[in-house]
Amino acid sequence: PYISQVNIIHFFLIGALCGIMGQLGDLVASSIKRFVGLKDYSNLIPGHGGILDRFDSVILVAPFVYNAINLFVK
């Protein structure tokens, strides 16, 4: 139901900003690891920096997309 209510230009805007927000989320998670002095968050996925490194970009992207859709649907 939301897709028909959102203009196509807003989808492009959200997509472009999500790319930027994803990079910022990765940088924020990396800076937290450096501040705390950790190399990896866990050993669950060896060689990948832990499980949080798989989802660190989502930390900032998910709230942004939620708020952007709420803003554009109204």
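Modeller: One term before we start: a residue counts as buried when its relative accessible area is under 20%. Also, please keep in mind that this is a predicted model.
Biologist: Thanks! What share of the 74 residues of the protein chain counts as buried?
Modeller: Of those 74 residues, 20% are buried.
Biologist: And how many helices and strands are there?
Modeller: The protein chain has three helices and zero strands, so the pattern along the sequence reads α-α-α.
Biologist: What about the radius of gyration of the protein chain?
Modeller: That comes out at 16 Å, while a compact globule of 74 residues would be near 11 Å. Along the principal axes, the C-alpha atoms fill a box of roughly 45 × 20 × 15 Å.
Biologist: New topic: where is Asp56?
Modeller: Asp56 lies in the loop between helix H2 (52-55) and helix H3 (58-73).
Biologist: Is Asp56 buried or exposed?
Modeller: Asp56 is buried, yet has no salt bridge.
Biologist: What is the nearest side chain of opposite charge?
Modeller: For Asp56 that is Lys33, 6.8 Å away.
Biologist: Which residues does Asp56 touch, leaving out those up to four places away in sequence?
Modeller: Asp56 touches Gly25, Asp26 and Ala29.
Biologist: Last one: how far apart are the mean positions of the positive and negative charges?
Modeller: For the 5 positive and 4 negative charges of the protein chain, the mean positions are 4 Å apart.

Key
Residues are numbered from 1 along each chain as its sequence is written. This is a predicted model: local features need pLDDT of at least 70, side-chain atom pairs count only at pLDDT 80 or more; totals for chains, interfaces and linings use all residues. Side-chain values use heavy atoms; hydrogens and water are left out. Helices (H or I, at least four residues) and strands (E, at least two) are DSSP runs, numbered from the N terminus. The radius of gyration is taken over C-alpha atoms; the globule rule is 2.2 Å times the number of residues to the power 0.38. Buried means under 20% relative accessible area, exposed over 50%, partly exposed in between (1.4 Å probe, protein chains only). Lys and Arg count as positive and Asp and Glu as negative; His and the chain ends are not counted. The place of a charge is taken as NZ of Lys, CZ of Arg, CG of Asp or CD of Glu. A salt bridge is a side-chain nitrogen of Lys or Arg within 4 Å of a carboxyl oxygen of Asp or Glu. Contact means heavy atoms within 4.5 Å.
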